[in-house]
Amino acid sequence: MSQTGTYAGDVTPQNAWEALVKDPAARLIDVRTQPEWSFVGIPDLSPIGKKVVLTSWQAYPGMAVDPDFAGKVKAQLGNAKGPLYFLCRSGARSRAAAIAMTEAGLGPCFNVSGGFEGDKDASSHRGRANGWKVADLPWVQD
């Protein structure tokens with residue numbers, strides 16, 4: 001894990017999964033959009049008795065950052081305290097969300113590097129290099 005001054009750092013999808021398994025207080029927050037959740041899939045935490053917190057960092061289709069993102073996350077977490085793992089498609093939006101939620105006083109907040117689909121490969125395709133799916137972690141699709 002890396003450490004920065006603005007959030008707890010980046011972790012691999014496998015490290016995030018292991019933390020979610022080991023720490024009952026750890027939560028996974030998927031910050032992608034509704035179309036991504038519906039058409040690409042979401043992490044499946046049911047094998048460990050948890051649910052993913054689904055809250056979009058940016059509002060589809062305009063993709064403006066949701067000014068109430070922190071409030072929506074806090075509402076879904078309730079009084080829960082513990083480490084938060086943020087996930088998006090590739091790790092960019094989730095990094096921004098981890099920083100924002102650290103600034104909002106939650107955390108420690110981690111970014112799941114590689115995200116759900118991973119970085120683009122030489123052919124500009126996702127899902128081959130890294131990410132939640134490539135790590136063969138549980139996921140479901142509508």
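Two strands pair if DSSP finds at least two bridges between them. Strands (E, at least two residues) and helices (H or I, at least four) are DSSP runs numbered from the N terminus. In this predicted model, an open sheet of five strands has the order β1-β8-β7-β2-β4, with parallel pairing. The strands β1 and β4 (53–54) stand at the edges with a single partner strand each, so one side of each is left without a neighbour in the sheet.

The model is predicted, and local features need pLDDT of at least 70, side-chain atom pairs count only at pLDDT 80 or more, and totals for chains, interfaces and linings use all residues. Residues are numbered from 1 along each chain as its sequence is written, and side-chain values use heavy atoms, with hydrogens and water left out.

**Strand β8 and its partners**

- Strand β1 (residues 9–11) pairs with β8 in the parallel sense over three bridges, and N111 in β8 is the bridge partner of D10.
- Strand β7 (residues 84–87) also runs parallel to β8, joined by three bridges; Y85 has F110 as its bridge partner in β8, and F86 has N111.
- Between β7 and β8 the chain passes through helix α4 (residues 92–103), and this β-α-β crossover is right-handed, meaning that, with the strands pointing away from the viewer, the path from the first strand over the helix to the second runs clockwise.
- In a regular strand the side chains alternate between the two faces of the sheet.
- Both faces of β8 (residues 109–112) are covered: C109 and N111 on one side, and F110 and V112 on the other, are all buried.
- Buried means under 20% relative accessible area, while exposed means over 50% and partly exposed lies in between, with a 1.4 Å probe and protein chains only.

**Aromatic pairs**

- Rings of Phe, Tyr and Trp (its six-membered ring) pair if their centres lie within 6.5 Å; planes under 30 degrees apart count as stacked, over 60 as edge-to-face and the rest as tilted.
- Four aromatic pairs are found in a search of the whole structure.
- One of them is the edge-to-face pair of W17 and W132, with 6.1 Å from centre to centre and 80° between the planes.
- This pair links distant parts of the chain, 115 residues apart: W17 belongs to helix α1 (residues 13–22), and W132 to the loop between β8 and β9 (139–140).
- W57 and F69 form a pair with ring centres 5.0 Å apart and planes at 85°, so this pair is edge-to-face.
- W57 lies in the loop between β4 and β5 (58–59) and F69 in helix α3 (residues 69–77), so the pair ties together parts twelve residues apart in sequence.
- W57 counts as buried at 11% relative accessibility, and F69 is buried with a relative accessible area of 2%.

**The surroundings of W132**

- W132 is buried, with a relative accessible area of 0%.
- Leaving out residues up to four places away in sequence, W132 touches several residues, including P13, L20, L87, G115 and F116, where contact means heavy atoms within 4.5 Å.
- A polar atom of the W132 side chain lies 2.8 Å from the backbone oxygen of P138.

**Charges over rings**

- A charge sits over a ring if NZ of Lys or CZ of Arg is within 6 Å of the ring centre and within 35 degrees of the ring normal.
- R32 lies over the face of F116, 4.3 Å from the ring centre.
- The charged end of K133 sits over the ring of W139, at 4.0 Å from its centre.

Notes. Polar contact = N/O pair within 3.5 Å; in protein donor to acceptor, adjacent residues only side chain to side chain.
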